[in-house]
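Let's take a friendly walk through a protein model. Have a look at the sequence and the structure here, and then we will visit a few places together.

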Amino acid sequence: MPNVLQADDYRAGMPVLRNWDLPIQLYYDETNNIRRLSLTELGLNSPDNKIFAIAGVALSQTQSIPCWEDLRKLLKVQPSAKELKFDLLAKGSYEDVLRSKRIESLLEWLLDQDIMIHYSVLDPLYWSTLDIIESLQVDDRIRIDAFHTDLKAELHHAVLQDVPAFMKLLHGFAYPNLDRGRVGAFLTAVADFVDDRVPEDRNIVTAMLRQTLKHAGRLPGLELPFLHDEAAGQLIKDFSVHFMHPIYVFKNASHVFDNEVHVERIMRDFELRDRDRRLNYRFADSKDEPGIQLSDAVAGLIGRHFSYLQAHSLTELMQRRVHFDGTQTRSLAMLRELIDRSDGFSEGLLHSVMPLDLLFKNEAYLHGAEVPLHIWN
């Protein structure tokens, strides 16, 4: 028998989200799914650190996907193609994708049909290191709750200055399976790394990070509860929690995922319920589900969007955007409109586990928001 997990137990620590109890329809596909992230003496098994995205389309309870064959013709999908895929609509870099007339037509069609989109995006390297700060939060002697998100971002910024060296540091401590007797030495090593790779404070949080790590490293009896009794070198065991997240957030929705054998096998060991009712989620063959095929296109676009932001400074992004042609400008504007409309329905449709720097870049680049000065560098 599978273990029973109650959706409300997961939602208990969350703020109430707009419309999260409505019975909407959500379809999913994913991109950049490396399935696991491991660390050995040779480094990471997937050093590219591409943004993982599970994303797709969201429909109201009464909506359906209309005129499917007409959409295939509009997007110039050959009759011989068994299904609509992102790669049939666009190839190349993110800028090439935005230049695609087929992507422009798809975005316009989604807006015209009043179909929303959703996504959950993850920076694997960020997710692999945030437990350092989150473990420090647990100890009452380290008062960082008010700015823990900023500290995670600042640590991530330091890691990015020399990823191989930081991975070597982690491997030397069997991370994330730290010996309790070496916690002080580990935190001192991380503090020394920050001092060496970020010699000048880029903001007040940099100084706060240095002080927090050094103070914590001197505390007697300190444990890092999320970094003990784990498998050494196993930074990300699997991505099943990111499949589960929207299921319990939108517990009254129907959820249709593209077949993903690795995650399906993991999720067979438990069952998500709302009291006695099993939540409505399943895996399906994309060839039989137009909603999944649309989600493949959405996931491909969203994954490339955030990977593009990750790869460039905000100054570079704005300079590149100035030179966009008409198709690129229209497609970016329509993507922004889709995201804004979906967020207006429920902020729960847009989920991210990424450093603040990347989130700020997205807000400035896509939505014109003002962001801290250090984000521009």
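## Before we start

To sort residues by class, Ala, Val, Leu, Ile, Met, Phe, Trp, Tyr, Cys and Pro count as nonpolar, Asp, Glu, Lys and Arg as charged, and the others, Gly among them, as polar.

This is a predicted model, in which local features need pLDDT of at least 70 and side-chain atom pairs count only at pLDDT 80 or more, while totals for chains, interfaces and linings use all residues. Residues are numbered from 1 along each chain as its sequence is written, and side-chain values use heavy atoms, leaving out hydrogens and water.

## The largest pocket

The lining of the largest pocket has 25 nonpolar, 10 polar and 7 charged residues. About 1300 Å³ of space lies in this pocket. Of its 42 lining residues, W127, L130, V241, H242 and V353 are the closest to the centre. A pocket here is an open set of points on a 1 Å grid over the protein atoms alone, where a 1.4 Å probe fits, with protein on both sides within 12 Å along at least five of seven lines; lining residues have an atom within 4 Å of a point. Points are joined across faces, edges and corners, and the volume is the space filled by probe spheres set on them.

At least two lining residues each come from α6, α7, β7 (234-236), α11 (240-249), β12 (350-353) and α16 (356-367). Helices (H or I, at least four residues) and strands (E, at least two) are DSSP runs, numbered from the N terminus.

## The second largest pocket

The second largest pocket holds about 420 Å³ of space. It has 20 lining residues, with H157, L160, D357, K361 and N377 nearest its centre. Two or more lining residues are given by each of α7, α13 (290-311) and α16, and α7 provides the largest share, 4 residues. By class, this lining has 7 nonpolar, 9 polar and 4 charged residues.

## Residue E83

E83 sits in the loop between α2 (68-74) and α3 (86-89). E83 counts as buried because its relative accessibility is 11%. Leaving aside residues up to four places away in sequence, E83 touches (heavy atoms within 4.5 Å) R72, L88, S286, K287 and Q293.

Key
Buried < 20%, exposed > 50% of the residue type's maximum accessible area, 1.4 Å probe, protein only.
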